[in-house]
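Please examine the model shown here.

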Amino acid sequence: MSGYEGKLTATWKLDGRLMELEDRFAFIDKDELVWDVPAGAQIDGASIPQFLWTVTGSPYTGKYRDASVVHDWYCSIRTRTSHATHEMFFEAMIVSGVSTTRARVMYAAVRYAGPKWTRMDIHNTNLATGNRWGGGGRANYWGPGGMPPFDTPEYAEYEALLAQEERQDRKSAVARARANVNVAEFESIVDEVVLGKLDLIDIDRIISSLS
């Protein structure tokens, strides 16, 4: 059965843009795959395109907050496919009590203009990180907490890895988002979703035809 592990606790960084998790947090999907987010992970909500926030709302508010945290992390580290990551987001929102219609709108938003990446990206990221977050196990490379002991060479490696992700992985992931964004086009998709005419398969088909 799908569900979360842990309680989402986080603090805002001084820049007011980044939020840092204080404890490990995870989502377990219907196939029992663990979407693990380690303590110390930093997110900025960029996996949900900001120009769409007037339609979808801020990623830090509402019932879909927990789902957006997990989604943001996996859009940053790119150890699983973008399609699987967006589907997990939809499933996690449903578990969080988001209505099916609202969850489909959010899914359409990230499928339409959210980050996308290739299998090469996934391979290279898993290679560079030792598959720490890609394997789906309940304990990652550094254990259930997601972090090595403080003041050790492994902790320094962890800090360097996060810095690299901030500079490179996030920039690369966002750069792969849709370049030819059309608000009216997206709103027409939303209208169809709200009317109950589109499920996830329909959304995928329409957005793929626009690519």
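Contact means heavy atoms within 4.5 Å. This is a predicted model, in which local features need pLDDT of at least 70 and side-chain atom pairs pLDDT 80 or more, while totals for chains, interfaces and linings use all residues. Residues are numbered from 1 along each chain as its sequence is written, and side-chain values use heavy atoms, leaving out hydrogens and water.

Q: Which residues of α2 and α3 meet?
A: On the α2 side they are A67, S68, V70, H71, Y74 and C75, and on the α3 side T85, H86, M88, F89, A92 and M93.

Q: Why is α2 called roughly antiparallel to α3?
A: The axes of α2 (residues 65-77) and α3 (residues 82-95) cross at roughly 170° and come within 9 Å. Angles over 145 degrees count as roughly antiparallel, and therefore α2 is roughly antiparallel to α3.

Q: Why is D36 called buried?
A: Buried means under 20% relative accessible area (1.4 Å probe, protein chains only). D36 has 3% relative accessibility, so D36 counts as buried. This residue lies in strand β5 (residues 34-37).

Q: What makes α4 largely enclosed by the rest of the structure?
A: Ten of the 14 residues of α4 are buried, and therefore the helix is largely enclosed. Among them are A103, V105, M106 and Y107.

Terms used
Helices (H or I, at least four residues) and strands (E, at least two) are DSSP runs, numbered from the N terminus. Buried means under 20% relative accessible area, exposed over 50%, partly exposed in between (1.4 Å probe, protein chains only). Axes are lines fitted to C-alpha atoms, for helices over the stretch in contact, and angles run from 0 to 180 degrees between N-to-C directions. Angles under 35 degrees count as roughly parallel, over 145 as roughly antiparallel, 65 to 115 as roughly perpendicular and the rest as oblique.
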